[in-house]
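Subject: Structure handover, with notes on rings, strands and spaces

Hi there,

Here is the structure I promised to pass on to you. Please open it first, and then read my notes below alongside it.

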Amino acid sequence: ASADAVPPDAGAAEGSADGGDGAVRAPLPALPLHTQGRWIVDQNGKRFKLASVNWAGAESADFAPAGLEHADVHVIAQLIRSLGFNSVRLPWSNELYETNPVVAPARLTANPTLMGKTALAVMDAVIDALAQEGLVVILDNHRSDANWCCDLLHGDGLWYTAKYPEASWIGDWRGIVKRYASQPAVVGADLRNELRTTFDASAPSTCTACGTGCPCIDPVWGQVDGGSSANDWYADAGRGGNAVLAENSTLLIMVEGLGYSLDLTGVYNLPLSLSVPNRLVYAPHDYSFSHGAYATYADMKTDLGNKWGYILTQGKPFTAPIWVGEFGTDHTASGVSGSSGEGFWFQNFQQYLKDADIDWAYWSLNGTESTGYGRKLGAPDGYGVL
């Protein structure tokens with residue numbers, strides 16, 4: 001991967017950010033955003049590089065972004081902007097949208113005005129607060145059931161489950177996009193988080209691994225990879241993206257890869273095409289535990305370039321922007337600031353992003369853990385910026 005071309009001139013922020021109370025604290029960029037070759041640009045054709053942070057929690061059984069029990073939502077939004085981020089990836093689940101429960105008061109103790117409100121009303125308030133700070137938002141369909149991601153047993157590796165079929169996934173996307181059609185700060189839709197192997201609906205509850213008697217499904221990218229149309233992410237990402245664009249044709253459509261979004265090699269021979277041009281962004285993820293260790297920076301460049309960095313090459317049928325939707329490190333990990341192991345990966349991955357001038361979203365903002373398997377509500381989150 002390389003920058004391959006000089007980006008359009010980055011411009012000063014324009015427009016306004018009115019979250020509903022008339023308090024505009026920082027302007028939004030000139031919206032809407034769109035793509036131009038390998039770049040994301042604003043309404044004036046000037047580069048707008050997404051420097052994002054993930055704010056998790058609403059996708060979990062808490063049904064609200066984490067931390068609202070610790071600080072006022074406006075204080076958190078101001079802090080995000082002060083740290084230098086210009087955008088937020090905001091996960092949500094299909095269960096949140098379809099059931100829309102009242103958020104537990106214990107999750108909102110620092111925000112008394114949100115007490116008694118439903119999950120979607122709390123999300124409204126969060127997005128409004130971010131907009132007031134001039135921050136744009138990418139909605140991320142993270143899970144079907146409300147829980148922590150990601151494992152094999154939960155059967156959430158595809159964009160549909162027995163409880164939330166594909167029709168629900170598309171219908172929920174239409175609904176949430178329609179909800180925020182009048183909120184200009186919502187600029188993107190990350191269609192589904194980390195496509196991966198999952199147990200199919202007939203898998204016995206005793207299954208702990210794929211194999212005889214424990215059937216699994218692998219998502220594929222088009223029929224060039226084999227498989228059936230039911231697990232063809234290429235086809236359904238197109239259907240889902242077009243459904244989103246039918247509700248709001250100005251949104252960016254973020255499409256993740258296979259294998260926990262590590263693999264976008266299928267795009268080389270079969271690039272996605274959407275009903276509205278200049279809206280497609282590919283969104284790989286990467287962590288040190290996602291693959292074997294790299295011996296050198298050159299090895300990392302070759303591997304990532306083959307998996308998804310090549311998409312940045314200008315003038316190709318597959319050319320599109322890359323937005324790394326997740327990367328991060330546990331600040332308590334051994335060697336995280338060293339020159340080997342976790343530290344080697346973290347320093348060199350950041351260098352890769354810099355060298356190729358790639359848009360990104362750090363995982364995560366959260367100072368404390370949300371509810372979910374393997375998680376302890378309120379415990380310090382080692383991956384969190386806060």
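Let me begin with the term for ring contacts: rings of Phe, Tyr and Trp (its six-membered ring) pair if their centres lie within 6.5 Å, and planes under 30 degrees apart count as stacked, over 60 as edge-to-face and the rest as tilted. With that rule, a search of the whole structure finds 19 aromatic pairs.

Before the details, a word on the source. This is a predicted model, in which local features need pLDDT of at least 70 and side-chain atom pairs count only at pLDDT 80 or more, while totals for chains, interfaces and linings use all residues. Residues are numbered from 1 along each chain as its sequence is written, and side-chain values use heavy atoms, with hydrogens and water left out.

**Aromatic rings**

One of the 19 aromatic pairs is made by W92 and W173, which are edge-to-face because their ring centres are 5.1 Å apart and their planes stand at 90°. W92 belongs to strand β4 (residues 87-93) and W173 to helix α4 (residues 166-179), so this pair ties together parts that are 81 residues apart in sequence. Helices (H or I, at least four residues) and strands (E, at least two) are DSSP runs, numbered from the N terminus. W92 counts as buried, at 0% relative accessibility, and W173 is buried too, with a relative accessible area of 1%. Here buried means under 20% relative accessible area (1.4 Å probe, protein chains only), exposed means over 50%, and partly exposed is in between.

The rings of F327 and F349 form a tilted pair, because their centres are 5.4 Å apart and their planes are at 45°. F327 sits in strand β11 (residues 323-327) and F349 in helix α8 (residues 341-355), so the pair ties together parts 22 residues apart in sequence. F327 is buried at 5% relative accessibility, and F349 is buried at 0%. Both rings belong to one aromatic cluster, formed by F85, F327, W345, F346, F349, W360 and Y362.

You will also find charges over rings (NZ of Lys or CZ of Arg within 6 Å of the ring centre and within 35 degrees of the ring normal). R38 lies over the face of W39, 3.9 Å from the ring centre, and R375 lies over the face of W148 at 3.6 Å.

**Strands**

Strand β5 (residues 136-143) has eight of its eight residues buried, so it is largely enclosed by the rest of the structure. Two strands pair if DSSP finds at least two bridges between them. β4 and β5 run parallel and are joined by seven bridges, with L90 opposite L139 in β5. Four bridges join β5 to strand β6 (residues 186-190), again in parallel, and D140 has D190 in β6 as its bridge partner.

**Pocket and cavity**

On a 1 Å grid over the protein atoms alone, a cavity is a set of points where a 1.4 Å probe fits but cannot get out, and a pocket is an open set with protein on both sides within 12 Å along at least five of seven lines; lining residues have an atom within 4 Å of a point. Grid points are joined across faces, edges and corners, and a volume is the space filled by probe spheres set on the points.

The largest pocket holds about 450 Å³ of space. Its lining has 22 residues, of which W148, C149, Y287, F289 and W363 lie nearest its centre. The whole-structure search finds one cavity of 30 Å³ or more, and the largest cavity holds about 40 Å³.

Best wishes
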